Amino acid sequence: MKSWLTRLKQTTYNTTFMYNIRMIIAFSGTAFLPYFMGNQLATIPLTLGVVAAGISDIDDRFSARLQNQLYTYLGFFITATSIQLLFPHPVLFACGLIISCICLILLGSLGRRYATIAYGCLVVSVYSMLGVHLFEDWYIQPALLVIGAAWYGLISTISFLLFPVREVQDKISISYSSLGDFLFAKSNLFDVDMTPESYQQSMIDLSLENGKLVGIFNQVKTVLLTRLKGDRGQKDTRRSLQYYFVAQDIHERADSAHINYQKLAKIFEHSDVLFRFQRILALQGKACKDLSQSIMKREVYNHSLRFKHAFQNLKHSLEKLKEDDAFDQIWVNALYSLYQNLKSIDAQLKNLETERNISLDKSKHIENQLKDDDLKGWDDIVVRIRQNLTPESVLFRHAIRLSLVLLVAYIFVQVTDIQYGYWVLLTALFVIQPNFNATKRRLRLRIVGTLIGIIIGYAILYFIPSIEGQLLLLIISGVLFFELRSKQYAQATAFITILALINFNLDGLGFAAAFPRMIDTLIGCALAWLGVTFIFPDWKFRRLPRNISRSLNAQSNYLAEIIEQYKTGRNNGLTYRVVRRAAHNSDADVASLISTLATEPDFDQDQKARAFEFLCLNHTFLSYIAALGAHREKIEDQEILALLDQALNDINGALLRDEVPDLSAQNMLQKIRQRLTLNTDEDQKSLIILQQLSLMMSILNQLSRLKQSLSHDRDEHSTELASL
């Protein structure tokens with residue numbers, strides 16, 4: 001009996017399994033309850049209500065969750081009712097369509113909650129168009145859509161009450177898994193067979209992994225913040241908060257760069273030291289993956305005993321290098337700094353599960369705060385919306401683009417009277433994304449998924465004519481759609497197509513709807529492609545210089561805060577974590593922008609090469625700053641403190657004001673060599689600072705030239721566009 005209960009408990013830890021159970025219950029209710037009541041048509045809006053509510057589901061604390069659901073149901077009812085009442089009046093309907101679409105998308109500027117609810121309302125609006133003929137009374141379809149959504153909301157709320165911190169723990173687990181991927185990518189930089197081409201690709205891969213990790217950290221912060229607002233000392237929430245802070249600190253240390261990796265590979269290509277660094281980084285990546293699984297399964301993480309032996313051998317190799325006069329001691333000292341950083345990561349992973357680390361010291365509460373990005377009042381609402389009322393805003397361009405495409409699709413349906421034409425609008429709504437690359441990818445997957453879904457759907461309707469069998473497959477299709485929608489878009493499209501065909505069959509139109517659905521999908525995809533290509537073309541508004549400047553400003557603020565802590569002492573408080581997060585966020589934005597621009601039209605090969613070179617150098621520069629941050633503590637050496645201030649001024653001048661720096665890397669290297677004869681602890685601390693400043697200054701001019709070159713290219717291109 002005890003063994004059975006243990007297995008049952010472990011099953012409930014499987015988030016995917018429990019989520020699928022939730023969706024099975026939701027779709028079973030909307031499929032079979034109307035069937036037993038003899039009103040099969042009600043299944044259509046009820047099922048679509050579940051789909052829209054599932055898309056709009058937002059993880060939040062209990063009180064906020066109830067508030068979100070109230071907003072969602074109210075929005076769904078108003079949207080569906082407006083469609084019902086305006087549908088007989090095409091001109092009013094078209095005006096309402098474009099205005100509501102713009103307003104709903106701009107509502108997303110207020111935050112994740114409003115963006116998700118607004119998107120759900122847009123989905124409900126098109127669903128209502130598809131079913132406007134189903135019922136005579138105007139209020140029946142809106143009411144059934146809301147009932148379906150409320151049914152899903154009830155199940156979702158019960159699930160939340162049973163497992164209130166599961167979403168937080170899952171996000172923490174994902175963050176450690178992504179941290180493992182980041183460490184694996186970092187280990188590639190210690191390849192002794194590295195070529196300039198492979199180094200650049202490794203840096204690009206590392207930068208993109210960094211972007212993914214930073215995005216996940218932002219998600220973790222959101223779910224933690226909403227839990228902590230309603231927290232009453234729950235241990236699991238506090239434990240998750242500590243895991244989050246440790247993950248961020250490990251990321252800062254792992255992202256640190258104490259050395260030029262290309263030169264490192266040449267200097268130590270015949271030594272075992274690089275292999276040992278690479279192995280430890282890979283082992284730490286594996287440890288993060290194991291920790292992720294332990295969090296997911298609610299098991300205690302056991303730190304591998306292999307680390308002790310690996311670090312002993314690495315230290316022995318470093319000691320041999322120090323005794324060898326053939327190697328420049330500057331490089332050996334840099335390797336020692338890296339060794340200390342990896343030891344710190346090891347200590348954090350090893351001690352993470354101890355109660356000493358999990359419990360939060362109230363005396364250090366300032367280090368355990370999160371920045372609250374929620375709305376602060378009506379003034380904040382006005383400011384956020386006003387900031388997005390410009391073509392420079394991605395959200396504004398997306399709102400105008402999508403609303404115009406939906407308007408054109410509606411006019412096309414009205415003029416041609418194409419059968420089941422509102423699938424054109426639904427396709428366009430699901431396919432169009434804020435950027436060209438994501439939309440292009442979805443176009444292809446949507447067409448493939450729809451075609452597969454129609455073929456399978458035809459087979460289901462032909463070989464399984466019974467209503468009961470089709471309802472069972474409707475449930476399965478709905479569950480698989482939600483399971484795959486964020487992982488495999490083509491497969492998810494196939495299953496939602498099958499669900500739609502079965503729904504239509506309940507109205508007696510299953511076979512008749514299949515071929516028109518394919519035609520409508522192709523038309524919708526064509527309109528979506530035209531929209532992202534010609535309506536506010538994304539690549540014409542992507543201001544690369546602005547993103548570059550934002551990143552360099554954020555890095556400057558990060559460096560300034562680190563320098564301040566060398567004067568006052570180490571402090572992991574909110575101010576430090578905010579500037580560190582901003583630096584990594586902006587670096588991730590640049591990486592995402594450049595990788596996206598490289599796939600878009602109007603981006604030539606020379607620009608592409610310079611952009612990727614800047615991407616590598618920008619992340620390298622951030623890594624050098626992160627190393628300073630990893631070792632930060634109060635120092636008394638006034639010469640070093642003055643040098644830090646001077647370096648910050650020179651860096652700001654070169655990167656922000658396009659000035660030529662006074663300090664050179666050669667001068668910095670000379671100061672380092674002078675310090676090598678001293679062996680006090682204070683001098684070792686100073687030596688690390690000098691090494692990092694030397695590394696930053698060594699790439700400063702190149703980084704500044706690339707910044708100016710890319711800015712010049714984009715300004716010229718913008719001038720050409722303006723003259724067309």
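Predicted model: local features only at pLDDT ≥ 70, side-chain atom pairs only at ≥ 80, totals over all residues.
**Confidence**

Then select residues 355-367, where pLDDT stays under 50 and for which the model has 23 contacts beyond four places in sequence. Residues 716-724 come next; the pLDDT of this stretch is also below 50, and beyond near neighbours in sequence the model gives it three contacts.

**Helices α13 and α14**

Select residues 306-323, which form helix α13, together with residues 329-351, which form helix α14. The two pack with their axes 10 Å apart and at an angle of about 165°, and because angles over 145 degrees count as roughly antiparallel, α13 is described as roughly antiparallel to α14. The crossing in which α13 passes α14 is left-handed. To see the contact itself, show the side chains of F307, F311, L314, K315, L318, E319, L321 and K322 in α13, which meet Q329, V332, L335, Y336, Y339, L342, K343 and D346 in α14. Sorted by class, the residues of this contact are ten nonpolar, one polar and five charged.

**The loop residue R298**

From α13, step back to R298, which is placed in the loop between α12 (273-297) and α13. Although R298 is not a glycine, its phi is positive, at about 60°.

**The loop residue D417**

Now move to D417, in the loop between α17 (394-416) and α18 (422-431). Here too the backbone has a positive phi in a residue other than glycine, with a value near 55°. The relative accessible area of D417 is 64%, and this residue is therefore exposed.

**Helices α9 and α25**

On the α9 side, the contact is made by S207, L208, N210, G211, V214, N218 and K221, while α25 contributes R581, H584, N585, D587, A588, A591 and S595. By class, the contact of α9 with α25 holds four nonpolar, seven polar and three charged residues.

Notes: Residues numbered from 1 in each chain as written. Heavy atoms only, no water. Contact = heavy atoms within 4.5 Å. Helix = DSSP H or I, 4+ residues; strand = E, 2+ residues; numbered from the N terminus. Nonpolar A, V, L, I, M, F, W, Y, C, P; charged D, E, K, R; others polar. pLDDT = per-residue confidence, 0-100. Axes fitted to C-alpha atoms, helices over the stretch in contact; angles between N-to-C directions. Parallel < 35°, antiparallel > 145°, perpendicular 65-115°, else oblique. Left-handed = near helix turned anticlockwise from the far one by under 90°. Buried < 20%, exposed > 50% of the residue type's maximum accessible area, 1.4 Å probe, protein only.
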